[in-house]
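Hi,

Here is the structure I said I would pass on. Have a look at it, and then read on for what turned up.

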Amino acid sequence: MKVSLLAAQAFFIILRQVCGDEELTCEQRTEEGNCCVFPFTFEGHENHFCIRGGPSNFDWCATTDNYDRDGDWGICTGVKCYICTSGLSWTDCESHQGVHNCPYMYDQCLTLNKEQGFSNTSRLFHKKCTSNRLCTAYNPTCKGLDVVKCDFSCCMGDLCNTASRLYSKFGSFVPLVVAAWVSFMCD
């Protein structure tokens, strides 16, 4: 029952992202959950990305089109991801998972299942924030002579790394089926 609930949640998250939703038109959010407004004016200059300096030493953005006039701003964040780690199973990992506001520039969520060691095999079940750089076909987490198996998937969007048990059971077949269904639903 829990797996089907997780699958349904994942499906509706993907459906909202693909088909559109006013909540998802926000290009960048602040730690408080407000939308950044791009471009915004700061010290007479137009900015199209989060910047450093001014009111914060962290990457920040204005939440109106003119910081000079309004003074409204917030610290930029990345996506929200589920985070957990376990050496036992996905069930154990997800039993203590939390939601984390990823740092700015962490634009994806990672789900990783890794086995390493030839005589004493250890397993790692892991969800975390990551960047596009680490979501390549050659993930540095998977390198090493003693790595026996390493499956990982990266996704974009808040809380997109929810379906780990489905992924570990059915592999890359699940995203293909979901993509086909979402395409059908949006037309």
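Which residue forms a salt bridge with Asp-70? That partner is Arg-69, and the closest N and O atoms of the two are 3.0 Å apart.

Some background before the rest. This is a predicted model, where local features need pLDDT of at least 70 and side-chain atom pairs count only at pLDDT 80 or more, while totals for chains, interfaces and linings use all residues. Residues are numbered from 1 along each chain as its sequence is written, and side-chain values use heavy atoms, with hydrogens and water left out.

**Salt bridges**

By salt bridge I mean a side-chain nitrogen of Lys or Arg within 4 Å of a carboxyl oxygen of Asp or Glu. Searching the whole structure gives 6 of them.

Arg-69 also forms a salt bridge with Asp-65, with the closest N and O atoms 2.8 Å apart. Together, Asp-65, Arg-69 and Asp-70 are linked in a network of salt bridges. For accessibility, I call a residue buried under 20% relative accessible area, exposed over 50% and partly exposed in between (1.4 Å probe, protein chains only). Arg-69 is exposed, at 55%. Asp-65 counts as partly exposed because its relative accessibility is 41%, and Asp-70 is partly exposed as well, at 31%.

Then there is the salt bridge between the side chains of Arg-52 and Asp-59, at 3.4 Å from N to O.

Next, have a look at strand S8, residues 108–116. Strands here are DSSP runs (E, at least two residues), numbered from the N terminus. S8 is mostly covered, with 8 of its 9 residues buried.

Two strands pair if DSSP finds at least two bridges between them. S8 pairs with strand S9 (residues 122–130) in the antiparallel sense, over 9 bridges. In that pairing, Asn-113 stands opposite Phe-125 in S9. The two strands form a hairpin with 5 residues between them, and Gly-117 in the turn has a positive phi of about 100°.

S8 also pairs with strand S10 (residues 147–155), again in the antiparallel sense, over 8 bridges. There, Thr-111 has Ser-153 of S10 as its bridge partner.

Cheers

Definitions and conventions
Helices (H or I, at least four residues) and strands (E, at least two) are DSSP runs, numbered from the N terminus.
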